[in-house]
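Subject: Handing over a structure, with notes on what was found

Dear colleague,

I am passing on a structure for you to look through, and my notes follow below it. Please keep it open beside this message while you read.

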Amino acid sequence: MSEHFDLITIGGGSGGVAASRRAAAHGARVALIESDALGGTCVHRGCVPKKLMMYAGQFRSAFDTAAAFGWTMENEQFHMETWQDAKNAELERLDKIYQQMLQSANVELINGLAQITGRGRVRVGARELSCTHLLIATGGRPSAAPIAGLEHAATSEDMLNSRTVPRRMAVVGAGYIGMEFASIFSRLGSEVSVFFRDHSPLRGFDHDLRIRLSQALERAGLTLYAGSNMESLTRSGNGYLLQVRGKEPMAFDAVLNATGRIPNTENLGLQSIGLELGPGAAIPVNDYSATVVPGVYAVGDVTNRKNLTPLAIAEGRAFADTVFGGLDIPFQATEVATAVFTEPSIGTVGLTENDAAQQGALIIYEADFRPMATAFAQRSDRTYMKLVVDAASDRVLGIHMIGNDAPEIIQSLAVSLRAGVTKRQFDQTIAIHPTTAEEFVLMREPARRVPAGKTTFPP
Ligand SMILES: Cc1cc2nc3c(=O)[nH]c(=O)nc-3n(C[C@H](O)[C@H](O)[C@H](O)COP(=O)(O)OP(=O)(O)OC[C@H]3O[C@@H](n4cnc5c(N)ncnc54)[C@H](O)[C@@H]3O)c2cc1C
Ligand SMILES: NC(=O)c1ccc[n+]([C@@H]2O[C@H](COP(=O)([O-])OP(=O)(O)OC[C@H]3O[C@@H](n4cnc5c(N)ncnc54)[C@H](O)[C@@H]3O)[C@@H](O)[C@H]2O)c1
(Lines give C-alpha, C1' and ligand atoms only; values in the text may rest on other atoms or scores of the structure.)
(Ligands and ions follow the chains in the order given, each with its own letter.)
Protein backbone atom coordinates (compact mmCIF):
# COMPACT_ATOMS: atom_id res chain seq x y z
CA MET A 1 0.00 0.00 0.00
CA SER A 2 1.30 3.43 -0.93
CA GLU A 3 2.35 5.68 1.92
CA HIS A 4 0.93 8.82 0.32
CA PHE A 5 -2.24 10.37 1.77
CA ASP A 6 -4.48 13.25 0.80
CA LEU A 7 -4.44 14.24 4.46
CA ILE A 8 -2.21 13.35 7.39
CA THR A 9 -3.56 14.48 10.75
CA ILE A 10 -1.19 14.63 13.70
CA GLY A 11 -3.13 14.23 16.93
CA GLY A 12 -6.21 12.11 17.61
CA GLY A 13 -8.03 14.41 20.03
CA SER A 14 -11.34 16.21 19.54
CA GLY A 15 -10.14 18.34 16.61
CA GLY A 16 -8.01 15.75 14.80
CA VAL A 17 -10.60 12.97 14.94
CA ALA A 18 -13.46 15.24 13.78
CA ALA A 19 -11.43 16.67 10.89
CA SER A 20 -10.16 13.25 9.77
CA ARG A 21 -13.59 11.64 9.76
CA ARG A 22 -15.13 14.54 7.84
CA ALA A 23 -12.27 14.61 5.30
CA ALA A 24 -12.64 10.84 4.74
CA ALA A 25 -16.40 11.28 4.32
CA HIS A 26 -15.60 13.69 1.48
CA GLY A 27 -13.56 10.92 -0.14
CA ALA A 28 -10.04 11.85 1.02
CA ARG A 29 -7.47 9.18 1.85
CA VAL A 30 -6.62 10.01 5.46
CA ALA A 31 -4.04 8.85 8.01
CA LEU A 32 -4.33 9.93 11.63
CA ILE A 33 -1.25 9.65 13.85
CA GLU A 34 -1.74 9.49 17.62
CA SER A 35 0.99 8.78 20.16
CA ASP A 36 -1.33 8.12 23.11
CA ALA A 37 -4.97 7.17 23.63
CA LEU A 38 -7.49 8.12 20.98
CA GLY A 39 -9.85 10.92 22.00
CA GLY A 40 -7.11 13.13 23.45
CA THR A 41 -7.39 15.52 26.36
CA CYS A 42 -11.17 15.79 26.49
CA VAL A 43 -11.80 12.06 26.69
CA HIS A 44 -8.84 10.96 28.81
CA ARG A 45 -7.61 13.94 30.84
CA GLY A 46 -10.29 16.62 30.59
CA CYS A 47 -14.02 17.09 30.07
CA VAL A 48 -15.10 13.48 30.47
CA PRO A 49 -13.24 12.27 33.61
CA LYS A 50 -13.69 15.75 35.13
CA LYS A 51 -17.46 15.57 34.66
CA LEU A 52 -17.57 12.01 36.01
CA MET A 53 -15.70 13.25 39.09
CA MET A 54 -18.09 16.20 39.36
CA TYR A 55 -21.02 13.76 39.39
CA ALA A 56 -19.34 11.91 42.27
CA GLY A 57 -19.00 15.19 44.18
CA GLN A 58 -22.63 16.19 43.60
CA PHE A 59 -23.84 13.38 45.83
CA ARG A 60 -22.53 15.44 48.77
CA SER A 61 -25.24 18.09 48.28
CA ALA A 62 -27.85 15.42 47.63
CA PHE A 63 -26.96 13.74 50.93
CA ASP A 64 -26.93 17.11 52.71
CA THR A 65 -30.47 17.93 51.61
CA ALA A 66 -31.91 14.41 51.68
CA ALA A 67 -32.88 14.56 55.38
CA ALA A 68 -35.09 17.61 54.77
CA PHE A 69 -37.02 15.53 52.24
CA GLY A 70 -37.58 12.70 54.73
CA TRP A 71 -34.60 10.45 54.05
CA THR A 72 -32.38 9.03 56.74
CA MET A 73 -28.74 9.15 55.66
CA GLU A 74 -26.19 7.20 57.63
CA ASN A 75 -22.47 6.92 57.24
CA GLU A 76 -22.20 7.85 53.54
CA GLN A 77 -18.59 7.48 52.41
CA PHE A 78 -16.72 8.15 49.21
CA HIS A 79 -14.07 5.67 48.00
CA MET A 80 -11.89 7.26 45.35
CA GLU A 81 -10.45 3.87 44.37
CA THR A 82 -13.91 2.58 43.43
CA TRP A 83 -14.56 5.70 41.37
CA GLN A 84 -11.12 5.42 39.69
CA ASP A 85 -11.71 1.82 38.61
CA ALA A 86 -15.15 2.63 37.24
CA LYS A 87 -13.83 5.75 35.47
CA ASN A 88 -10.94 3.83 33.87
CA ALA A 89 -13.33 1.17 32.61
CA GLU A 90 -15.53 3.89 31.10
CA LEU A 91 -12.58 5.58 29.37
CA GLU A 92 -11.48 2.22 27.90
CA ARG A 93 -15.00 1.82 26.53
CA LEU A 94 -14.85 5.28 24.94
CA ASP A 95 -11.39 4.54 23.50
CA LYS A 96 -12.80 1.49 21.69
CA ILE A 97 -15.73 3.52 20.37
CA TYR A 98 -13.29 6.08 18.94
CA GLN A 99 -11.26 3.29 17.27
CA GLN A 100 -14.43 1.84 15.71
CA MET A 101 -15.53 5.30 14.55
CA LEU A 102 -12.24 5.84 12.71
CA GLN A 103 -12.31 2.36 11.23
CA SER A 104 -15.82 2.72 9.89
CA ALA A 105 -14.92 6.17 8.54
CA ASN A 106 -12.00 4.59 6.64
CA VAL A 107 -9.34 6.63 8.40
CA GLU A 108 -6.04 4.78 8.85
CA LEU A 109 -4.95 5.04 12.49
CA ILE A 110 -1.21 4.99 13.05
CA ASN A 111 0.08 4.70 16.63
CA GLY A 112 3.25 6.62 17.34
CA LEU A 113 4.88 10.00 17.73
CA ALA A 114 4.78 12.01 14.52
CA GLN A 115 7.62 14.20 13.36
CA ILE A 116 7.38 16.55 10.41
CA THR A 117 10.51 16.14 8.25
CA GLY A 118 9.77 18.54 5.39
CA ARG A 119 6.96 19.90 3.20
CA GLY A 120 4.40 17.11 2.85
CA ARG A 121 6.58 14.63 4.74
CA VAL A 122 5.97 13.03 8.14
CA ARG A 123 7.92 10.32 9.95
CA VAL A 124 6.38 8.00 12.51
CA GLY A 125 8.64 5.28 13.88
CA ALA A 126 10.29 3.66 10.87
CA ARG A 127 7.55 4.81 8.47
CA GLU A 128 8.06 7.70 6.09
CA LEU A 129 4.73 9.11 4.94
CA SER A 130 3.85 11.82 2.49
CA CYS A 131 0.73 13.92 2.09
CA THR A 132 -0.86 16.68 0.05
CA HIS A 133 -2.38 18.34 3.14
CA LEU A 134 -1.13 18.25 6.70
CA LEU A 135 -3.31 18.99 9.74
CA ILE A 136 -1.65 19.69 13.09
CA ALA A 137 -4.02 18.94 15.97
CA THR A 138 -1.58 18.15 18.76
CA GLY A 139 -3.46 19.97 21.55
CA GLY A 140 -1.77 21.30 24.66
CA ARG A 141 -0.42 20.36 28.07
CA PRO A 142 -0.26 21.98 31.52
CA SER A 143 2.23 24.82 31.91
CA ALA A 144 3.58 26.18 35.18
CA ALA A 145 3.56 29.89 36.03
CA PRO A 146 7.00 31.23 37.04
CA ILE A 147 6.61 30.40 40.74
CA ALA A 148 9.64 28.59 42.23
CA GLY A 149 8.87 24.89 42.72
CA LEU A 150 5.42 24.99 41.08
CA GLU A 151 6.56 22.29 38.64
CA HIS A 152 6.41 19.86 41.63
CA ALA A 153 2.67 20.44 42.01
CA ALA A 154 0.09 18.03 40.60
CA THR A 155 -1.50 18.67 37.22
CA SER A 156 -5.22 18.29 36.52
CA GLU A 157 -4.39 14.90 34.99
CA ASP A 158 -2.65 13.78 38.20
CA MET A 159 -5.69 14.80 40.23
CA LEU A 160 -8.03 12.94 37.89
CA ASN A 161 -5.87 9.82 38.39
CA SER A 162 -5.46 10.22 42.15
CA ARG A 163 -6.50 7.18 44.17
CA THR A 164 -6.99 9.20 47.35
CA VAL A 165 -8.77 12.39 48.36
CA PRO A 166 -6.18 14.74 49.92
CA ARG A 167 -7.08 16.11 53.34
CA ARG A 168 -5.72 19.62 52.75
CA MET A 169 -5.51 20.72 49.14
CA ALA A 170 -4.22 23.98 47.65
CA VAL A 171 -5.19 25.14 44.19
CA VAL A 172 -2.95 27.72 42.49
CA GLY A 173 -4.84 29.63 39.76
CA ALA A 174 -8.53 30.44 39.47
CA GLY A 175 -9.42 29.80 35.84
CA TYR A 176 -11.66 27.01 34.58
CA ILE A 177 -9.50 24.16 35.88
CA GLY A 178 -8.66 25.77 39.22
CA MET A 179 -12.29 26.50 40.09
CA GLU A 180 -13.70 23.20 38.85
CA PHE A 181 -11.17 21.06 40.71
CA ALA A 182 -11.40 23.20 43.87
CA SER A 183 -15.16 22.76 43.92
CA ILE A 184 -15.11 19.05 43.09
CA PHE A 185 -12.45 18.08 45.65
CA SER A 186 -14.18 20.12 48.32
CA ARG A 187 -17.37 18.12 47.69
CA LEU A 188 -15.38 14.88 47.87
CA GLY A 189 -14.08 15.85 51.32
CA SER A 190 -10.86 17.87 50.92
CA GLU A 191 -10.28 21.08 52.83
CA VAL A 192 -9.59 23.35 49.84
CA SER A 193 -7.74 26.68 49.65
CA VAL A 194 -7.52 28.58 46.34
CA PHE A 195 -4.72 31.09 45.67
CA PHE A 196 -4.97 33.62 42.85
CA ARG A 197 -3.70 37.06 41.90
CA ASP A 198 -6.93 38.76 40.89
CA HIS A 199 -9.72 40.13 43.14
CA SER A 200 -12.11 37.39 41.96
CA PRO A 201 -11.84 34.04 40.18
CA LEU A 202 -12.62 33.45 36.49
CA ARG A 203 -11.20 36.57 34.88
CA GLY A 204 -13.11 37.41 31.70
CA PHE A 205 -16.49 36.15 32.97
CA ASP A 206 -19.34 38.51 33.85
CA HIS A 207 -18.56 40.19 37.20
CA ASP A 208 -21.86 39.17 38.79
CA LEU A 209 -20.97 35.52 38.20
CA ARG A 210 -17.45 35.99 39.54
CA ILE A 211 -18.64 37.63 42.76
CA ARG A 212 -21.38 35.07 43.36
CA LEU A 213 -19.10 32.10 42.68
CA SER A 214 -16.68 33.40 45.35
CA GLN A 215 -19.53 33.83 47.82
CA ALA A 216 -21.01 30.40 47.11
CA LEU A 217 -17.69 28.57 47.41
CA GLU A 218 -16.87 30.35 50.66
CA ARG A 219 -20.29 29.39 52.01
CA ALA A 220 -19.47 25.80 51.01
CA GLY A 221 -16.33 25.93 53.18
CA LEU A 222 -13.55 26.68 50.68
CA THR A 223 -10.99 29.36 51.55
CA LEU A 224 -10.25 31.81 48.74
CA TYR A 225 -7.00 33.79 48.91
CA ALA A 226 -7.67 36.59 46.39
CA GLY A 227 -4.83 38.97 45.51
CA SER A 228 -2.20 36.38 46.45
CA ASN A 229 1.38 36.68 45.37
CA MET A 230 2.73 33.12 45.36
CA GLU A 231 6.47 33.01 46.01
CA SER A 232 7.44 29.34 46.22
CA LEU A 233 6.35 25.76 46.66
CA THR A 234 8.57 23.25 48.42
CA ARG A 235 8.23 19.57 49.26
CA SER A 236 7.91 18.85 52.96
CA GLY A 237 7.64 15.23 54.09
CA ASN A 238 4.72 13.71 52.19
CA GLY A 239 3.26 17.14 51.49
CA TYR A 240 4.07 20.68 50.45
CA LEU A 241 4.73 24.12 51.90
CA LEU A 242 3.29 27.04 49.95
CA GLN A 243 4.85 30.44 50.55
CA VAL A 244 2.62 33.41 49.76
CA ARG A 245 4.05 36.91 50.12
CA GLY A 246 3.22 38.42 53.51
CA LYS A 247 1.98 35.14 55.02
CA GLU A 248 3.43 32.28 57.07
CA PRO A 249 4.20 29.15 54.94
CA MET A 250 1.09 26.99 54.66
CA ALA A 251 1.15 23.16 54.64
CA PHE A 252 -0.89 21.04 52.22
CA ASP A 253 -1.13 17.35 51.37
CA ALA A 254 -1.67 18.12 47.68
CA VAL A 255 -1.22 21.18 45.48
CA LEU A 256 -2.82 21.58 42.05
CA ASN A 257 -1.05 23.77 39.54
CA ALA A 258 -3.90 25.34 37.55
CA THR A 259 -2.01 28.26 36.04
CA GLY A 260 -2.75 27.49 32.40
CA ARG A 261 -1.80 25.31 29.44
CA ILE A 262 0.64 25.55 26.54
CA PRO A 263 0.31 24.22 22.96
CA ASN A 264 2.18 21.01 22.00
CA THR A 265 4.45 22.49 19.36
CA GLU A 266 7.85 21.39 20.72
CA ASN A 267 9.85 18.78 18.79
CA LEU A 268 7.24 18.53 16.04
CA GLY A 269 9.68 19.49 13.30
CA LEU A 270 7.92 22.74 12.43
CA GLN A 271 11.22 24.37 11.49
CA SER A 272 11.60 21.80 8.68
CA ILE A 273 8.64 23.45 6.91
CA GLY A 274 9.51 27.00 7.97
CA LEU A 275 6.49 27.39 10.25
CA GLU A 276 7.09 29.97 12.97
CA LEU A 277 5.21 30.00 16.25
CA GLY A 278 3.08 32.88 17.50
CA PRO A 279 2.67 34.16 21.07
CA GLY A 280 2.55 31.44 23.75
CA ALA A 281 4.06 28.80 21.39
CA ALA A 282 0.77 28.56 19.45
CA ILE A 283 0.48 27.96 15.70
CA PRO A 284 -0.94 31.09 14.02
CA VAL A 285 -3.82 30.37 11.61
CA ASN A 286 -6.45 32.32 9.65
CA ASP A 287 -10.24 31.81 9.71
CA TYR A 288 -9.81 28.68 7.55
CA SER A 289 -7.34 27.21 10.08
CA ALA A 290 -4.64 27.61 7.40
CA THR A 291 -1.08 28.45 8.44
CA VAL A 292 1.20 30.61 6.31
CA VAL A 293 2.74 27.42 4.86
CA PRO A 294 0.71 26.20 1.85
CA GLY A 295 -1.08 22.90 2.55
CA VAL A 296 -0.48 23.06 6.31
CA TYR A 297 -3.41 23.62 8.69
CA ALA A 298 -3.91 23.55 12.47
CA VAL A 299 -7.00 23.23 14.67
CA GLY A 300 -7.83 23.04 18.37
CA ASP A 301 -5.75 23.91 21.40
CA VAL A 302 -2.49 23.94 19.42
CA THR A 303 -3.74 27.21 17.89
CA ASN A 304 -4.71 28.63 21.31
CA ARG A 305 -7.80 30.44 20.03
CA LYS A 306 -10.57 29.48 22.47
CA ASN A 307 -9.62 26.13 23.94
CA LEU A 308 -12.89 24.22 24.14
CA THR A 309 -13.74 20.81 22.71
CA PRO A 310 -16.75 21.90 20.61
CA LEU A 311 -14.57 24.57 19.00
CA ALA A 312 -11.77 22.12 18.16
CA ILE A 313 -14.44 19.93 16.52
CA ALA A 314 -16.07 22.82 14.66
CA GLU A 315 -12.70 24.11 13.42
CA GLY A 316 -11.75 20.59 12.26
CA ARG A 317 -15.01 20.08 10.36
CA ALA A 318 -14.90 23.55 8.77
CA PHE A 319 -11.35 22.81 7.58
CA ALA A 320 -12.34 19.44 6.08
CA ASP A 321 -15.50 20.81 4.43
CA THR A 322 -13.51 23.64 2.86
CA VAL A 323 -10.45 21.69 1.73
CA PHE A 324 -12.07 18.38 0.75
CA GLY A 325 -15.80 19.14 0.50
CA GLY A 326 -15.67 22.00 -1.99
CA LEU A 327 -17.39 24.34 0.47
CA ASP A 328 -16.21 27.73 1.72
CA ILE A 329 -16.56 27.69 5.49
CA PRO A 330 -14.53 30.24 7.41
CA PHE A 331 -14.82 29.64 11.13
CA GLN A 332 -14.98 32.32 13.78
CA ALA A 333 -15.86 31.54 17.35
CA THR A 334 -18.53 34.11 18.14
CA GLU A 335 -21.33 33.85 20.70
CA VAL A 336 -19.87 30.62 22.06
CA ALA A 337 -21.67 29.32 25.11
CA THR A 338 -19.42 27.98 27.85
CA ALA A 339 -19.81 26.44 31.29
CA VAL A 340 -17.78 26.07 34.44
CA PHE A 341 -18.62 22.83 36.21
CA THR A 342 -18.35 24.11 39.75
CA GLU A 343 -21.10 23.68 42.31
CA PRO A 344 -23.01 25.94 41.82
CA SER A 345 -22.27 25.70 38.11
CA ILE A 346 -21.92 28.57 35.66
CA GLY A 347 -23.34 28.88 32.17
CA THR A 348 -22.79 31.89 29.99
CA VAL A 349 -23.19 33.05 26.40
CA GLY A 350 -22.65 36.38 24.68
CA LEU A 351 -21.20 39.58 26.09
CA THR A 352 -20.47 40.38 29.71
CA GLU A 353 -22.10 43.53 31.08
CA ASN A 354 -18.81 45.44 30.97
CA ASP A 355 -17.99 44.39 27.39
CA ALA A 356 -21.52 45.13 26.16
CA ALA A 357 -21.46 48.60 27.77
CA GLN A 358 -18.49 49.48 25.55
CA GLN A 359 -20.88 49.13 22.55
CA GLY A 360 -23.81 51.18 23.88
CA ALA A 361 -26.34 51.78 26.64
CA LEU A 362 -27.81 48.70 28.32
CA ILE A 363 -30.79 47.53 30.34
CA ILE A 364 -29.94 44.79 32.81
CA TYR A 365 -32.52 42.25 34.03
CA GLU A 366 -31.73 39.99 36.98
CA ALA A 367 -33.23 37.25 39.11
CA ASP A 368 -31.55 36.24 42.37
CA PHE A 369 -33.43 33.70 44.45
CA ARG A 370 -33.38 30.46 46.43
CA PRO A 371 -34.71 27.67 44.20
CA MET A 372 -37.68 25.65 45.47
CA ALA A 373 -35.74 22.55 46.57
CA THR A 374 -33.10 24.66 48.33
CA ALA A 375 -35.61 26.81 50.18
CA PHE A 376 -37.53 23.68 51.23
CA ALA A 377 -34.33 22.21 52.70
CA GLN A 378 -33.70 25.56 54.44
CA ARG A 379 -30.35 26.01 52.72
CA SER A 380 -28.91 29.35 51.75
CA ASP A 381 -27.71 28.40 48.21
CA ARG A 382 -28.93 30.89 45.62
CA THR A 383 -29.40 30.97 41.87
CA TYR A 384 -28.62 34.10 39.86
CA MET A 385 -29.62 34.92 36.27
CA LYS A 386 -28.90 37.96 34.17
CA LEU A 387 -29.94 39.29 30.77
CA VAL A 388 -27.81 42.02 29.22
CA VAL A 389 -30.05 43.89 26.80
CA ASP A 390 -29.13 46.56 24.25
CA ALA A 391 -31.23 49.60 25.24
CA ALA A 392 -31.59 50.88 21.67
CA SER A 393 -32.56 47.67 19.83
CA ASP A 394 -33.97 45.50 22.66
CA ARG A 395 -31.61 42.74 21.48
CA VAL A 396 -30.26 40.36 24.14
CA LEU A 397 -26.46 40.58 24.05
CA GLY A 398 -25.53 38.33 26.98
CA ILE A 399 -27.17 35.60 29.06
CA HIS A 400 -25.48 34.58 32.31
CA MET A 401 -26.39 32.17 35.08
CA ILE A 402 -24.90 30.64 38.22
CA GLY A 403 -26.90 27.90 39.90
CA ASN A 404 -27.94 24.29 39.46
CA ASP A 405 -28.28 23.18 35.83
CA ALA A 406 -26.86 26.47 34.48
CA PRO A 407 -24.87 24.70 31.70
CA GLU A 408 -27.97 22.80 30.51
CA ILE A 409 -30.19 25.91 30.58
CA ILE A 410 -27.67 28.19 28.88
CA GLN A 411 -27.01 25.65 26.12
CA SER A 412 -30.66 25.96 25.05
CA LEU A 413 -30.74 29.75 25.38
CA ALA A 414 -27.57 29.99 23.27
CA VAL A 415 -29.67 29.07 20.24
CA SER A 416 -31.97 32.06 20.77
CA LEU A 417 -29.06 34.42 21.36
CA ARG A 418 -27.46 33.23 18.13
CA ALA A 419 -30.78 33.82 16.34
CA GLY A 420 -30.81 37.46 17.54
CA VAL A 421 -33.49 37.17 20.23
CA THR A 422 -34.98 40.35 21.75
CA LYS A 423 -36.08 40.90 25.35
CA ARG A 424 -39.67 41.25 24.07
CA GLN A 425 -39.47 37.69 22.70
CA PHE A 426 -38.33 36.46 26.11
CA ASP A 427 -41.40 38.22 27.58
CA GLN A 428 -43.69 36.58 25.01
CA THR A 429 -42.43 33.09 25.87
CA ILE A 430 -44.71 31.13 28.18
CA ALA A 431 -42.96 29.65 31.22
CA ILE A 432 -42.69 25.99 32.20
CA HIS A 433 -43.77 25.91 35.82
CA PRO A 434 -42.36 25.07 38.28
CA THR A 435 -38.78 25.27 36.97
CA THR A 436 -35.72 27.35 37.67
CA ALA A 437 -35.33 28.20 33.98
CA GLU A 438 -38.74 29.93 33.85
CA GLU A 439 -37.23 32.91 35.68
CA PHE A 440 -35.49 33.81 32.42
CA VAL A 441 -38.88 34.58 30.80
CA LEU A 442 -40.40 36.22 33.88
CA MET A 443 -38.02 39.15 34.38
CA ARG A 444 -40.25 42.20 33.91
CA GLU A 445 -38.60 45.09 35.78
CA PRO A 446 -35.10 46.24 34.83
CA ALA A 447 -32.58 45.81 37.65
CA ARG A 448 -30.65 48.83 36.35
CA ARG A 449 -29.78 50.90 33.31
CA VAL A 450 -26.13 51.14 32.32
CA PRO A 451 -24.90 54.15 30.32
CA ALA A 452 -22.68 53.47 27.31
CA GLY A 453 -19.02 53.07 28.27
CA LYS A 454 -19.60 52.46 31.98
CA THR A 455 -17.44 49.82 33.68
CA THR A 456 -19.20 48.49 36.75
CA PHE A 457 -16.40 46.33 38.07
CA PRO A 458 -12.64 46.36 37.63
CA PRO A 459 -11.82 44.07 34.66
C1 LIG B 1 -8.96 19.23 33.00
C2 LIG B 1 -9.60 19.74 31.75
C3 LIG B 1 -10.96 19.87 31.68
C4 LIG B 1 -11.55 20.33 30.51
N5 LIG B 1 -12.92 20.44 30.49
C6 LIG B 1 -13.52 20.89 29.37
C7 LIG B 1 -14.93 20.96 29.31
O8 LIG B 1 -15.64 20.64 30.27
N9 LIG B 1 -15.50 21.41 28.16
C10 LIG B 1 -14.74 21.78 27.08
O11 LIG B 1 -15.31 22.16 26.04
N12 LIG B 1 -13.39 21.71 27.11
C13 LIG B 1 -12.77 21.27 28.23
N14 LIG B 1 -11.41 21.18 28.26
C15 LIG B 1 -10.64 21.60 27.06
C16 LIG B 1 -10.63 20.49 26.00
O17 LIG B 1 -10.23 19.27 26.59
C18 LIG B 1 -9.70 20.86 24.86
O19 LIG B 1 -10.05 22.12 24.34
C20 LIG B 1 -9.77 19.83 23.72
O21 LIG B 1 -9.49 18.53 24.19
C22 LIG B 1 -8.77 20.19 22.61
O23 LIG B 1 -8.79 19.22 21.61
P24 LIG B 1 -7.57 19.12 20.58
O25 LIG B 1 -8.00 18.14 19.53
O26 LIG B 1 -7.14 20.45 20.16
O27 LIG B 1 -6.36 18.53 21.42
P28 LIG B 1 -6.20 17.17 22.36
O29 LIG B 1 -7.54 16.67 22.70
O30 LIG B 1 -5.27 17.58 23.39
O31 LIG B 1 -5.56 16.16 21.33
C32 LIG B 1 -4.24 16.25 20.90
C33 LIG B 1 -3.70 14.84 20.67
O34 LIG B 1 -2.47 14.93 19.97
C35 LIG B 1 -1.61 13.91 20.41
N36 LIG B 1 -0.25 14.29 20.03
C37 LIG B 1 0.46 15.38 20.45
N38 LIG B 1 1.65 15.42 19.82
C39 LIG B 1 1.68 14.35 18.99
C40 LIG B 1 2.66 13.87 18.08
N41 LIG B 1 3.83 14.49 17.85
N42 LIG B 1 2.39 12.71 17.39
C43 LIG B 1 1.21 12.05 17.58
N44 LIG B 1 0.27 12.48 18.42
C45 LIG B 1 0.49 13.63 19.12
C46 LIG B 1 -1.87 13.86 21.92
O47 LIG B 1 -1.50 12.61 22.46
C48 LIG B 1 -3.38 14.09 21.97
O49 LIG B 1 -4.11 12.89 22.01
C50 LIG B 1 -10.77 20.69 29.39
C51 LIG B 1 -9.38 20.57 29.46
C52 LIG B 1 -8.80 20.09 30.61
C53 LIG B 1 -7.30 19.94 30.65
N1 LIG C 1 -15.57 23.76 31.56
C2 LIG C 1 -14.75 23.95 30.53
O3 LIG C 1 -15.18 24.19 29.41
C4 LIG C 1 -13.27 23.86 30.74
C5 LIG C 1 -12.75 23.26 31.88
C6 LIG C 1 -11.37 23.20 32.02
C7 LIG C 1 -10.55 23.73 31.05
N8 LIG C 1 -11.10 24.30 29.95
C9 LIG C 1 -10.23 24.90 28.89
O10 LIG C 1 -8.88 24.67 29.20
C11 LIG C 1 -8.19 25.92 29.27
C12 LIG C 1 -7.10 25.83 30.29
O13 LIG C 1 -7.67 25.92 31.60
P14 LIG C 1 -6.85 26.56 32.77
O15 LIG C 1 -7.73 26.66 33.96
O16 LIG C 1 -5.55 25.84 32.86
O17 LIG C 1 -6.48 27.98 32.20
P18 LIG C 1 -7.12 29.40 32.48
O19 LIG C 1 -6.44 30.30 31.53
O20 LIG C 1 -8.61 29.34 32.46
O21 LIG C 1 -6.68 29.74 33.98
C22 LIG C 1 -5.34 29.91 34.34
C23 LIG C 1 -5.27 30.58 35.71
O24 LIG C 1 -3.89 30.69 36.09
C25 LIG C 1 -3.63 32.01 36.53
N26 LIG C 1 -2.23 32.35 36.27
C27 LIG C 1 -1.62 32.43 35.06
N28 LIG C 1 -0.34 32.81 35.22
C29 LIG C 1 -0.13 32.98 36.55
C30 LIG C 1 0.97 33.41 37.34
N31 LIG C 1 2.13 33.75 36.78
N32 LIG C 1 0.81 33.45 38.68
C33 LIG C 1 -0.36 33.14 39.23
N34 LIG C 1 -1.45 32.75 38.54
C35 LIG C 1 -1.34 32.68 37.21
C36 LIG C 1 -4.59 32.86 35.71
O37 LIG C 1 -4.79 34.12 36.30
C38 LIG C 1 -5.85 31.99 35.77
O39 LIG C 1 -6.54 32.16 36.97
C40 LIG C 1 -9.27 26.94 29.60
O41 LIG C 1 -8.93 28.22 29.18
C42 LIG C 1 -10.45 26.40 28.85
O43 LIG C 1 -10.37 26.87 27.53
C44 LIG C 1 -12.44 24.39 29.78
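The buried residues of helix α8 are covered by elements that include α1, α2, α3, β6 (127-136) and β16 (296-298); here helices (H or I, at least four residues) and strands (E, at least two) are DSSP runs, numbered from the N terminus, and covering is judged by contact, which means that the C-beta atoms of two residues, placed from the backbone, lie within 7 Å. Before going further, please note that this is a predicted model, in which local features need pLDDT of at least 70 and side-chain atom pairs count only at pLDDT 80 or more, while totals for chains, interfaces and linings use all residues. Residues are numbered from 1 along each chain as its sequence is written, and chains are lettered from A and ligands numbered from 1 in the order in which they are written.

**Helix α8**

Eleven of the 15 residues of α8 are buried, so this helix is largely enclosed by the rest of the structure. A residue is called buried if 20 or more other C-beta atoms lie within 10 Å of its own, exposed if 12 or fewer, and partly exposed in between, with C-beta atoms placed from the backbone. Among the buried residues of α8 are Thr 309, Leu 311, Glu 315, Arg 317 and Phe 319. The end C-alpha atoms of α8 are 21 Å apart, which agrees with the 21 Å that its 15 residues should span at 1.5 Å a residue, the expected span being 1.5 Å times one less than the number of residues.

**The two ligands**

In total, 35 residues surround ligand 1, and the closest are Gly 11, Gly 13, Gly 40, Gly 139 and Gly 300; a residue is near a molecule if its C-beta atom, placed from the backbone, lies within 6 Å of it. The shell around ligand 1 divides into 13 nonpolar, 17 polar and five charged residues, where Ala, Val, Leu, Ile, Met, Phe, Trp, Tyr, Cys and Pro count as nonpolar, Asp, Glu, Lys and Arg as charged, and the others, Gly among them, as polar.

Around ligand 2 there are 22 residues, and the closest are Ala 145, Gly 173, Gly 175, Ile 177 and Asn 307. Two or more residues of this shell come from each of α6 (176-188) and β17 (338-340), and the largest share, four residues, is that of α6. By class, the shell around ligand 2 holds eleven nonpolar, seven polar and four charged residues.

**Domains**

The protein chain is assigned domain 1 (3-141 + 262-323), domain 2 (150-259) and domain 3 (338-450), with bounds that come from an automatic or database domain assignment. The centres of domain 1 and domain 3, taken over C-alpha atoms, are separated by 32 Å, and their contact takes nine residues from domain 1 and eight residues from domain 3. Ligand 2 lies between domain 2 and domain 3, because both give residues to the shell around it.

**Backbone details**

The peptide bond from Glu 343 to Pro 344 is cis, with omega near 5°, and Pro 344 sits in the loop between β17 and β18 (346-350). The bond from His 433 to Pro 434 is likewise cis, with omega near -5°, and Pro 434 belongs to the loop between α12 (423-428) and β22 (448-450).

Glu 335, in the loop between α8 and β17, has a phi near 50°, a positive value in a residue other than glycine, and is partly exposed, with 14 other C-beta atoms within 10 Å. Gln 378 has a positive phi too, near 55°; this residue lies in the loop between α10 (372-376) and β20 (383-390) and counts as exposed, with 9 C-beta neighbours inside 10 Å.

With best wishes
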